[in-house]
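Let's take a walk through the charged and aromatic side chains of this one. Have the sequence and the model open as you read.

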Amino acid sequence: MPDKETSLDDRVAEMLAEKTGFLPEEIDSRQRFLKTTRSMLNFYSNEYGLHLEPEQQDQVAKLVHSCDVLVLTISQLEFHAKNLETDAYKAAILKKPFNPDPKLTSELKQKLDQSQQQLLEINRQTVQLVERFHGPPNEN
């Protein structure tokens with residue numbers, strides 16, 4: 001039985017990659033990365049907010065806001081990706097074609113790519129903020 005489940009999982013992953021251009025795991029990794037970045041920003045906002053210069057406080061507030069918007073965007077992507085994954089499983093189990101709406105999948109792929117760029121930029125700015133506050137990490 002495990003061989004059949006594995007082959008079903010492999011088939012579904014293949015169908016999703018072929019028809020959508022992405023896998024739900026990509027969204028999961030973005031959520032983990034965003035959670036780490038957001039936690040760091042919230043830590044600095046809560047622990048050091050009063051000690052930051054006004055422009056740094058503004059920067060942290062803007063980054064926190066950007067993270068909040070990105071959380072909602074990525075949650076929406078996850079919702080759609082899980083629906084597509086469920087549809088792919090149904091198609092594989094019933095041995096029917098998996099034909100998601102190409103407009104939807106194209107839109108989701110575009111949003112996924114944009115979210116990655118936004119997340120990388122937020123993280124880059126967060127790293128700069130931490131390094132300005134504490135200095136670069138020791139190389140020892």
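Which side chain does arginine 38 meet in a salt bridge? The partner is aspartate 68, at 2.8 Å from N to O; a salt bridge here is a side-chain nitrogen of Lys or Arg within 4 Å of a carboxyl oxygen of Asp or Glu. Arginine 38 lies in helix α2 and aspartate 68 in helix α3 (residues 54-94), so the pair ties together parts that are 30 residues apart in sequence. Helices, by the way, are DSSP runs of H or I with at least four residues, numbered from the N terminus.

Before going on, some ground rules: this is a predicted model, where local features need pLDDT of at least 70 and side-chain atom pairs count only at pLDDT 80 or more, while totals for chains, interfaces and linings use all residues. Residues are numbered from 1 along each chain as its sequence is written, and side-chain values use heavy atoms, with hydrogens and water left out.

| Pair | Closest N and O atoms |
|---|---|
| Glutamate 14 and arginine 11 | 3.0 Å |
| Arginine 124 and glutamate 121 | 2.4 Å |

Glutamate 14 and arginine 11 sit three residues apart in helix α1 (residues 2-20), about one turn of the helix. Arginine 124 and glutamate 121 are likewise three residues apart, in helix α4 (residues 102-134), which is about one helical turn.

How exposed are they? For accessibility, buried means under 20% relative accessible area, exposed over 50%, and partly exposed in between (1.4 Å probe, protein chains only). Glutamate 14 is partly exposed at 45%, and arginine 11 is partly exposed at 38%. Arginine 38 comes in at 31%, partly exposed, with aspartate 68 partly exposed at 30%.

Arginine 30, in helix α2 (residues 24-48), is buried yet has no salt bridge. The nearest side chain of opposite charge is glutamate 26, 4.4 Å away; Lys and Arg count as positive, Asp and Glu as negative, with His and the chain ends not counted. Beyond its neighbours within four places in sequence, arginine 30 is in contact (heavy atoms within 4.5 Å) with residues including Ile74, Leu112 and Gln116.

Finally, there is one aromatic pair, meaning ring centres within 6.5 Å. Phenylalanine 43 and tyrosine 44 have ring centres 5.5 Å apart and planes at 85°, so the pair is edge-to-face (planes over 60 degrees apart; under 30 is stacked and the rest tilted). Phenylalanine 43 is partly exposed at 39%, whereas tyrosine 44 is buried at 4%.

Notes: Helices (H or I, at least four residues) and strands (E, at least two) are DSSP runs, numbered from the N terminus. Rings of Phe, Tyr and Trp (its six-membered ring) pair if their centres lie within 6.5 Å; planes under 30 degrees apart count as stacked, over 60 as edge-to-face and the rest as tilted.
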